[in-house]
Amino acid sequence: MKPTPASPSPSSAPSSLSLTARELATQPDCWRRAADAAAGAAGLPLPLPGERVAVTGCGTSWFMAQSYAALREAAGHGETDAFPASGFPAARPYDRVVAITRSGTTTEVLQLLAGLRGRVPTLAVTADPKTPVREAADEVAVLDWADEESVVQTRFATTALAFLRAGLPEGAAAVASAAADAARAVADPLPEAALAADQWTFLGGGWTYGLAQEAALKMREAAGAWTEAYPAMEYRHGPVAIAAPGRVVWAFGALPEGLAADVARTGATLAGGSGEDDPMAELIRAQRLAVTIAESRGLNPDAPRNLTRSVVLPH
């Protein structure tokens, strides 16, 4: 892929024009509310310790599913897989399936839930209770206060992850800490090198790999940018070949030993990777970067090219 022609370095100041920018800035409060909702969700069948669980969604929701699955399994709560709804292995035995769907209308998610009905208990996490997912899933967790008008998902996706994360051991405290970090991420200046770059690669490991994929997706959706995402330990197995001056490697969570030096030798700029802030807060910075780059290119991040708020396929 050819790099996008360079343009003047955009400002890192928060935008007052973009609906997406305004929505993503509300994430700290949304996460706190999600933690409260999880604490009061005794009537909802959140995955129980020891259950074999699969988590699903499409696009952004699939990446959040990946992050939650890795978090849950690492917490010792049981085997947890994540699949795109279109590639779900419906014949596999699970104790519970969790579907993340902002709109509640995505065709692949609804078809999957219909096929699982009566065989596997299902829980849908959605922003809109007045959609077909209400009837398709056995149980529904409604986070309507995190819904969005923008086509590009930001706060609903991370709020769904915060809700599920808060249901894990130590999860409520982790979400509270993430929300505090997020308040800084909303306001802190963005790295100048990231604003001036012509290519961005996002890296993560374990549960943060899903966040890295989501960061790259935001850059593609909002800014039409050349961006990639990889597990951090895979970066040296080929992707490092594109690293060069004027390009950025952005890490979610701590970097593997020696990788920072390897990036430095390429002349690329390393962002993130300090481990100081919760990786979910680091995702907010990437969301802001996507919006800022989009606006600098004359694009509308609220209504990206070729995309709609939900993919509803013809029957």
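Reply:

**Confidence, then cavities**

Over residues 1–9 the pLDDT is below 50. Beyond near neighbours in sequence, that stretch has 11 contacts in the model, where contact means heavy atoms within 4.5 Å. Residues 11–16 also have a pLDDT below 50. Their stretch has 12 contacts beyond near neighbours in sequence.

Some ground rules. Residues are numbered from 1 along each chain as its sequence is written, and side-chain values use heavy atoms, with hydrogens and water left out. In this predicted model, local features need pLDDT of at least 70 and side-chain atom pairs count only at pLDDT 80 or more, while totals for chains, interfaces and linings use all residues.

Now the cavities. A cavity is a set of points, on a 1 Å grid over the protein atoms alone, where a 1.4 Å probe fits but cannot get out. Lining residues have an atom within 4 Å of a point. Grid points are joined across faces, edges and corners, and a volume is the space filled by probe spheres set on the points. The count comes to 3 cavities of 30 Å³ or more.

The largest cavity holds about 60 Å³ of space. Its lining includes Ala-251, Gly-253, Gly-272, Gly-273, Asp-277 and Glu-282. By class, this lining has 2 nonpolar, 5 polar and 3 charged residues. Ala, Val, Leu, Ile, Met, Phe, Trp, Tyr, Cys and Pro count as nonpolar; Asp, Glu, Lys and Arg as charged; the others, Gly among them, as polar.

The second largest cavity has about 50 Å³ of space. Leu-46, Pro-47, Tyr-68, His-77, Leu-164, Gly-167 and Leu-168 line this cavity. Here 5 lining residues are nonpolar, 2 are polar and none is charged.

Notes
pLDDT = per-residue confidence, 0-100. 1 Å grid on protein atoms, 1.4 Å probe; cavity = no way out; pocket = protein on both sides within 12 Å on 5 of 7 lines; lining within 4 Å.
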